[in-house]
Amino acid sequence: MIDPTTIVAGLETIGFTHLVWIPDSHLGTWESALAKSRLAPIRVTREGEAIGLAAGLMLGGARPLVAMQCTGFFEAGDAVRNIAHDLKLPLKMIVGVRSWTAHSLGKSSDNCPRFAEKLIQAWDIPHTLFDVAEATPEQLAVALRGLVGHPGPAALLWAE
């Protein structure tokens, strides 16, 4: 498992300026590392708001990353569609897929893992599944380079 300090350092190294997010039980573990970072974390009240705020930051020249859990991504669909496809902004997201590991082992009835990839495909967002529990810091660096390497919108489906 990659620790939150390594994750936040990776986000800084790759050039993100802001983290627009709603911390959940997994993503929220980054809180103390973010407090010590040069990233500017911005908490929002709804995931659709996170997408709109990230769009404003991009229009102002910043390089934000949006981090949210899969159910929040479901809620933010129309904002994602508008920002990614109508405005054609290079929206970058980490979408935490709650219960991914338990679901893949048949030990959870949580339907979030079942729908997360299907919905991100429906919105035509290039994505990569990233299992932080199994990854090395080097694999994190590769995944983040792949995320920012897409000229348009892209996401990491972050297995939780």
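In which sense do E3 and strand E4 (residues 92-97) pair, and over how many bridges? The two strands pair in the parallel sense, over 4 bridges; strands are said to pair if DSSP finds at least two bridges between them. Strands (E, at least two residues) and helices (H or I, at least four) are DSSP runs, numbered from the N terminus. The model is a predicted one, in which local features need pLDDT of at least 70 and side-chain atom pairs count only at pLDDT 80 or more, while totals for chains, interfaces and linings use all residues. Residues are numbered from 1 along each chain as its sequence is written, and side-chain values use heavy atoms, with hydrogens and water left out.

On the E4 side of the pairing, Val-66 stands opposite Met-93. Strand E1 (residues 18-21) also runs parallel to E3, joined by 4 bridges, and here His-18 is found opposite Pro-64. E3 is mostly covered, with 6 of its 6 residues buried, where buried means under 20% relative accessible area, exposed means over 50%, and partly exposed lies in between (1.4 Å probe, protein chains only). The cover extends to both faces: Pro-64, Val-66 and Met-68 are buried on one side, and Leu-65, Ala-67 and Gln-69 on the other.

Apart from neighbours within four places in sequence, Gln-69 is in contact (heavy atoms within 4.5 Å) with Asp-24, Leu-27, Val-95, Gly-96, Arg-98 and Glu-160.

Charged pairs come next. Side chains of opposite charge can pair when their charged atoms come close. The whole structure holds 6 salt bridges, each defined as a side-chain nitrogen of Lys or Arg within 4 Å of a carboxyl oxygen of Asp or Glu. One of them joins the side chains of Glu-31 and Arg-43 (2.2 Å, N to O). This pair links distant parts of the chain, with Glu-31 in helix H2 (residues 31-35) and Arg-43 in strand E2 (residues 40-43), 12 residues apart. Glu-31 is partly exposed at 33%, while Arg-43 is exposed at 53%.

Another salt bridge brings together Glu-75 and Arg-46 (3.4 Å, N to O). Glu-75 belongs to helix H4 (residues 70-75) and Arg-46 to the loop between E2 and helix H3 (47-59), so the pair ties together parts that are 29 residues apart in sequence. Arg-81 forms a salt bridge with Asp-78, their closest N and O atoms lying 2.8 Å apart. These two are separated by about one helical turn because they are 3 residues apart in helix H5 (residues 77-86). Together, Asp-78, Arg-81 and Asp-86 are linked in a network of salt bridges.

Finally, the structure has 1 disulfide, a pair of cysteine sulfur atoms within 2.5 Å. Cys-70 and Cys-112 form this bond, with sulfur atoms 1.5 Å apart. The pair links distant parts of the chain, from Cys-70 in helix H4 to Cys-112 in helix H7 (residues 112-122), 42 residues apart. The disulfide is right-handed, because the torsion about its S-S bond is about 140°. Cys-70 is buried at 0% relative accessibility, and Cys-112 is buried at 1%.
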